[in-house]
Structure formats: structure tokens, C-alpha cells
Amino acid sequence: PARMPFLLAPALLLVQASLVAPRPLTAIEVASAAQRLGFALRVSATAALVKVELLDSEKNDVVGETYAFAQPNGMLHWDSIQTRRQSAYYSRRSAAKRGALEPGSKPMPTFGVFGPSVLLAAAVLAWTREDAPFRCRTAEMLAIADEERQNCTLVRLYKIFGFKPDRTVDEGLGSVSDRLFFGGCGVIMQAPVEALSLTAANLIALALAGAELAEASSEGSGLDSETPKA
């Protein structure tokens, strides 16, 4: 069968997700969801700065991390969200795609186009709403433009998540302050914290539902394989 266009599948996912989560997740709920999906979250906050790490519960190595800080002007500055492709989680995910998971391994959770970085985003947003020293209603990120193709991909992904382009940072004199603040050129994108929180909650709800279905399917196939033939 033909594959869905890159933008269509995530868009349909979010339409489905909008029927799932009626409110943002609390920090405790995000941590609980991460645990159910095979991860652990480590949140370290100092004043207005927060760092969140996502750990693989099975191998106890870092899968990804993100940094952000709350500003007195009500803006959450999201520095970066990074995932470590060399981690054990991504090695297992690659094996799962090839059908080469070790016998007895748990089914891999499915997060869609955003991957497990959704858990990092949800944790930062929960910290922003519950514990940040300044009340931030808007979040901003830079879709960095180290390479044109990379920049286009980041802008597209951030748009799907709910961000909208605000302004472009280039090499001109008019962008000097933004270049210094964001550390590079690209497109500055912004979105309401509440809307991002709902999107993250929706995607996590779908990931949890998918994990439950995968586990049920795995248990069912195991029972079938143990049933003696007549």
C-alpha cells in the first residue's frame, strides 16, 4: 500500500489525539507515562533554568535531553531538544523495525514522527506551568539553519507540534542580538505553552494506547503459540 505523505500522517495523528487528552499532564503524570513506556525522566532545575534527561529504563543510558529557561517577560526560551541516536533505545528500535528484537523483549513504544522527545517536551512544559519562577505563557525555539534541508525539516516538525514562525535570524546587522541570544541563524518559532502542553498530552496518550495494544497483541500471539495442535 502507498505510504502517507510526510505531513499527512502526523496531521491525522493529531486529529485523533485531540479526542484523547482533555487537559495538559502534570509533572507526576508525565513521569508515570514515561515509566509505563520504558523510560525514566530526570529533571534538574536551578532557579529559572531547567534540564530534563530521558533515560532508557532497561539499559539506564541517556536517550535524550533538553534545556530551557523561563524569562521575566513571560517567554519560555527553549534552547534545544536532542536525542542520542547511538543510545541503546535507538539500537533496539532499529532492530524492531527489522524484526530482529531479542526473544522476550517488550514491544517498542510508538511515538510517531516526534519520537520519545515528546516526553522531554511534556516534562519541560509541566515544569513551566508548575514550578518555573516566572509565569510563561509563550514558548520560543530556534529552528537552526546549519543546513537548508535541516532547517526546512525542523520548521516543518515544529509547525506540526504547534509552533509558528515569528522572525528569521540571518547574518545581517539587524539579527545581531538574536544571533547572540540563540547562538545561530534560523527561524525563531513561538507557540502558547498551553497549546503545546495539550499536544504533548495527546501524543503521549496515543503512545500509551499503542503500547497497551502492542502488549496485548504480543501476549495473545504468545498464547496462540503455546496452544497445542489437535
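Student: In which helix is L180 found?
Tutor: This is a predicted model, in which local features need pLDDT of at least 70, side-chain atom pairs count only at pLDDT 80 or more, and totals for chains, interfaces and linings use all residues. Residues are numbered from 1 along each chain as its sequence is written, and side-chain values use heavy atoms, with hydrogens and water left out. Helices are DSSP runs of H or I with at least four residues, strands are runs of E with at least two, and both are numbered from the N terminus. The run that holds L180 covers residues 176-182 and is α6.

Student: Is L180 buried or exposed?
Tutor: Buried means under 20% relative accessible area, exposed over 50%, and partly exposed in between (1.4 Å probe, protein chains only). L180 has 71% relative accessibility, so this residue counts as exposed.

Student: Is S80 buried or exposed?
Tutor: S80 is found in strand β4, residues 75-83. Its relative accessibility is 16%, and therefore S80 counts as buried.

Student: Which residues is S80 in contact with, leaving aside its neighbours within four places in sequence?
Tutor: Contact means heavy atoms within 4.5 Å. With those neighbours left aside, the partners of S80 are E65, T66 and Y67.

Student: Which helices each supply at least two residues of the lining of the largest cavity?
Tutor: On a 1 Å grid over the protein atoms alone, a cavity is a set of points where a 1.4 Å probe fits but cannot get out, and lining residues have an atom within 4 Å of a point. The lining includes L25, V30, A122 and A200. The helices that each supply at least two lining residues are α4 (117-130) and α7 (193-226).

Notes
On a 1 Å grid over the protein atoms alone, a cavity is a set of points where a 1.4 Å probe fits but cannot get out, and a pocket is an open set with protein on both sides within 12 Å along at least five of seven lines; lining residues have an atom within 4 Å of a point.
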